[in-house]
Amino acid sequence: MATRERPLSPHLQVYKPQITSVLSIVHRATGVVLAFGSLVLAAWLVAAAGSAQAFATFNGLMGSLVGKLALFVFSACLVYHFLNGLRHLAWDTGRGYDIPKVYASGYAVLVLSVVLTAALWWFGLGAAA
Amino acid sequence: MSLRNPLSTAKGLGSAKDGTGHWWNQRLTAIALALLTPWFVVFAVGLIGDGQDAVRRAVAQPLSATLLSSFVLSLFWHARLGLQVVVEDYVHGAMEIALQIAIKFVYALAAIAALLAIGRIVFTA
C-alpha cells in the first residue's frame, strides 16, 4: 500500500491563539531552554570544583553580555516553568479544570512570572553591586 | 471478550512495557523540583559575586551538599524525561533515534559530572 504524507493533528496554525494553548506551548519551550540551562549549572559545579583558572573562565563567560543575557533568559524560564508546573501538578490532582479557573490561574502565572523574575534580578543585582 | 492475557492486564504495563512509569517519574521529579528550586535560587543568588573559595565552602556545607545533589539529580532526570517527549513528538526517523540516545548520554554525563564535582568539593573542603 502506498503511503503518502497525511495531515497531522493538531493544526496549530489554524487555531486562534488562546491563553490555554499559548501557555502550554510556552511551558514546553521554557522546559527545553531550561534543559540547556541545567547543563550550564553542571559546568558551574565542575568549574568550582576545578582550578582557579577554570572558575575564572566560567565567571568570565557568564559575566559577559551574552552570558548575562543567557542567565536572564534561564531565570525567566525557570520562574515561568516553576509556576506553571505547580499549575500542572494541581491539575494532576483533578483541581482547577473549569475554564474560568484555567484562565485565572493562567493570568496569575503570567503576572507572578514577571514580578518574581524582576524581584530575582533586583536582589541579584543588589548582591552583585 | 478480551483477547488480552489476564497477566498482562494485571501488570498494566501495556505494549511499551513501561506503563505509567514515564508519566509518574516526570511528576515525582516535578514535586522534588518544586520543593528544591526555591532553596536553590536563594542559595545561588546568595553566591553572586563570591570567589571560588567562598562558593566551595558554601557547597561543602552538609545540608547544602545534600540538597544540591538532590536538586541536580532531580533536574537532570526531569530534563531528560521532558526532552524525550519533545523529541518523540516532533522528530522522526533516524534523527529521532540518534537524538534520543544523545539525550540519555548527555544527561547521564551531566548528572555524573555534577555529582563528582560536588563530591570533590565536599571531600577536599
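**Figure 1. Burial and overall form of chain A.** Of the 129 residues in chain A of this predicted model, 19% are buried. A residue is buried if 20 or more other C-beta atoms lie within 10 Å of its own, exposed if 12 or fewer, and partly exposed in between, with C-beta atoms placed from the backbone. Chain A has four helices and zero strands. Its elements run α-α-α-α from the N terminus on. Helices (H or I, at least four residues) and strands (E, at least two) are DSSP runs, numbered from the N terminus. The radius of gyration of chain A is 20 Å, well over the 14 Å that the globule rule gives for 129 residues, so chain A is more spread out than a compact globule. The radius is taken over C-alpha atoms, and the globule rule is 2.2 Å times the number of residues to the power 0.38. Taken along the principal axes, the C-alpha atoms of chain A fill a box of roughly 60 × 45 × 25 Å. Among contacts in chain A with a separation of 6 or more, 69% join residues 24 or more positions apart. Two residues are in contact if their C-beta atoms, placed from the backbone, lie within 7 Å.

Residues are numbered from 1 along each chain as its sequence is written, while chains are lettered from A and ligands numbered from 1 in the order in which they are written. Because the model is predicted, local features need pLDDT of at least 70 and side-chain atom pairs count only at pLDDT 80 or more, while totals for chains, interfaces and linings use all residues.

**Figure 2. Where α2(A) meets α3(A).** The two helices pack at an angle of about 75°, with their axes 4 Å apart. That makes α2(A) roughly perpendicular to α3(A). Axes are lines fitted to C-alpha atoms, for helices over the stretch in contact, and angles run from 0 to 180 degrees between N-to-C directions. Angles under 35 degrees count as roughly parallel, over 145 as roughly antiparallel, 65 to 115 as roughly perpendicular and the rest as oblique. From α2(A) come Leu61(A), Met62(A) and Gly63(A); they meet Gly67(A), Lys68(A) and Leu71(A) of α3(A). This contact has three nonpolar, two polar and one charged residues. Ala, Val, Leu, Ile, Met, Phe, Trp, Tyr, Cys and Pro count as nonpolar, Asp, Glu, Lys and Arg as charged, and the others, Gly among them, as polar.

**Figure 3. Ser24(A) in its helix.** Ser24(A) sits in helix α1 of chain A. It is partly exposed, with 14 other C-beta atoms within 10 Å. Tyr107(A) lies 83 residues away from Ser24(A) along the chain, and their C-alpha atoms are separated by 13 Å.

**Figure 4. The side of chain A that touches chain B.** Here 25 residues of chain A are in contact with 27 residues of chain B. On the chain A side, the elements that give two or more residues are α1 (19-49), α2 (52-63), α3 (65-92) and α4 (99-128). α1(A) gives the most, with 13 residues. By class, this side has 19 nonpolar, four polar and two charged residues. The predictor gives the complex an ipTM of 0.90 and a pTM of 0.90.

**Figure 5. Chain B and its helix crossing.** Chain B has five helices and zero strands. Its C-alpha trace spans about 70 × 35 × 25 Å along the principal axes. The radius of gyration of chain B is 19 Å, whereas a compact globule of 125 residues would have one near 14 Å. Buried residues make up 19% of chain B. Helix α3 (residues 52-60) and helix α5 (residues 94-123) of chain B pack at an angle of about 95°, with their axes 8 Å apart. They are therefore roughly perpendicular to each other. Arg56(B), Val59(B) and Ala60(B) of α3(B) make the contact with Ile118(B), Ile121(B) and Val122(B) of α5(B). Five of these residues are nonpolar, none is polar and one is charged.

Figure 6. Arg27(B) is found in helix α2 (residues 21-46) of chain B. It is partly exposed, with 17 other C-beta atoms within 10 Å. The mean pLDDT, the predictor's confidence in each residue from 0 to 100, is 92 for chain A and 94 for chain B.
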